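Please keep the sequence and the structure in view while reading.

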Amino acid sequence: MKPLVMIVEDEAALVTVLRYNLEKEGYRVCEAMDGEEALTVFSESRPDLVLLDWMLPGLSGIEVCRQLRRKPEEREVPIVMLTARGEEADKVRGLNTGADDYITKPFSVPELLARVKAHLRRVQPSQPKGVLEYDTVVMDLGAHRVTRAGRHVHLGPTEFRLLRFLMQNPGSVFSREALLNAVWGPDIYVEPRTVDVHIRRLRKALNTEGEVDLIRTVRAAGYALDATVTA
């Protein structure tokens with residue numbers, strides 16, 4: 001079955017354009033015109049990816065994103081924010097809330113379609129089986145489940161891919177550019193600052209009070225998974 005893309009947007013003309021192009025690419029599409037409807041449609045339809053406008057009537061796109069990310073079963077669905085707010089602070093806020101990507105209006109439809117394809121490819125690959133282990137962290141690739149010292153760790157799709165890459169290369173230091181290429185892929189442009197946002201989210205999910213921060217920050221170099229040195 002083709003992936004289902006949910007469009008949350010109150011501009012009817014833009015919805016029409018997005019639906020036409022997504023369906024032309026073979027995707028199924030569902031819609032919501034405001035935040036409250038978005039939560040209802042999401043619950044009923046279980047989309048594979050969400051295109052979410054920031055400025056919605058009533059419940060904002062940021063709040064919709066925040067509410068979706070509160071539920072473990074909904075954290076793996078990629079959320080791409082669509083907004084006219086192009087300031088870096090707004091982008092960081094959107095990513096911190098739980099969005100996986102951020103596209104500023106007006107945008108190129110081919111670029112949007114490329115990002116949709118890239119995100120769906122990463123969350124719906126032929127899943128590798130097996131288990132990765134590092135220190136007290138266990139990652140079950142088949143079940144898409146992470147635990148630390150027996151505690152379940154809730155991760156969004158981007159943080160899961162980021163942790164998987166670091167666990168496959170423990171101790172190695174990777175620059176932001178290297179992580180972007182490995183986790184997001186060379187076919188999609190994401191600002192280097194995005195890596196910092198997702199590293200913070202990964203740290204917050206992995207670390208509870210009293211636990212060693214397994215992610216080491218190397219000044220002017222990048223990040224590494226390293227239990228021997230605290231960040």
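Cys-30 is buried, with a relative accessible area of 12%, where buried means under 20% relative accessible area, exposed means over 50%, and partly exposed lies in between, with a 1.4 Å probe and protein chains only. Cys-65 is buried too, at a relative accessible area of 0%. The model is a predicted one, so local features need pLDDT of at least 70 and side-chain atom pairs count only at pLDDT 80 or more, while totals for chains, interfaces and linings use all residues. Residues are numbered from 1 along each chain as its sequence is written, and side-chain values use heavy atoms, with hydrogens and water left out.

Cys-30 is accordingly in no disulfide, with the sulfur of Cys-65 as its nearest cysteine sulfur at 16 Å.

**The parallel sheet**

Helices (H or I, at least four residues) and strands (E, at least two) are DSSP runs numbered from the N terminus, and two strands pair if DSSP finds at least two bridges between them. Five strands form an open sheet with parallel pairing, in the order E2-E1-E3-E4-E5. At its edges stand strand E2 (28-32) and strand E5 (101-104), each of which pairs on one side only. From one strand to the next the twist averages 20°, with axes being lines fitted to C-alpha atoms, for helices over the stretch in contact, and angles running from 0 to 180 degrees between N-to-C directions. Strand E1 (residues 4-8) runs parallel to E2 and is joined to E2 by five bridges, and in this pair Val-8 stands opposite Ala-32 in E2.

Helix H3 (residues 61-70) packs on this sheet, touching strand E3 (49-53) and strand E4 (79-83), and the direction of H3 makes about 170° with that of E4; contact here means heavy atoms within 4.5 Å. H3 is mostly covered, since seven of its ten residues are buried, among them Ile-62, Val-64, Cys-65 and Leu-68. The buried residues of H3 pack against helix H2 (35-45), E3, E4, helix H4 (88-97) and H6.

Within helix H2 lies Ala-38, which counts as buried at 2% relative accessibility. Leaving aside residues up to four places away in sequence, Ala-38 touches Met-6, Val-8, Ala-32 and Val-64. Ala-38 and Ile-7 are 31 residues apart in sequence, and their C-alpha atoms are 8.6 Å apart in space.

Another residue to look at is His-119, which is placed in helix H5 (residues 109-123) and counts as buried at 1% relative accessibility. The side chains of His-119 and Asp-101 are joined by a polar contact of 3.1 Å, a polar contact being a pair of N or O atoms within 3.5 Å; within protein, one must be able to donate a hydrogen and the other to accept it, and residues adjacent in sequence count only if both atoms are side-chain atoms.

**The antiparallel sheet and the hairpin**

Four strands form an open sheet in the order E6-E7-E8-E9, with antiparallel pairing. Strand E6 (131-134) and strand E9 (151-153) are at the edges with a single partner strand each, so one side of each is left without a neighbour in the sheet. The twist in this sheet averages 25° from one strand to the next. Strand E10 (residues 215-218) and strand E11 (residues 222-225) also pair in the antiparallel sense; they form a hairpin with three residues between them, and Ala-220 in the turn has a positive phi of about 65°.

| Strand pair | Bridges | Residues opposite each other |
|---|---|---|
| E8 (residues 145-148) and E9 | three bridges | Thr-147 and His-152 |

Two helices lie across the four-stranded sheet. The twelve residues of helix H6 (residues 157-168) should span 16 Å at 1.5 Å a residue, and the end C-alpha atoms are 17 Å apart, which agrees; the expected span is 1.5 Å times one less than the number of residues. H6 is mostly covered, with eleven of its twelve residues buried, including Phe-160, Leu-163 and Met-167.

Technical notes:
Disulfide = S-S within 2.5 Å.
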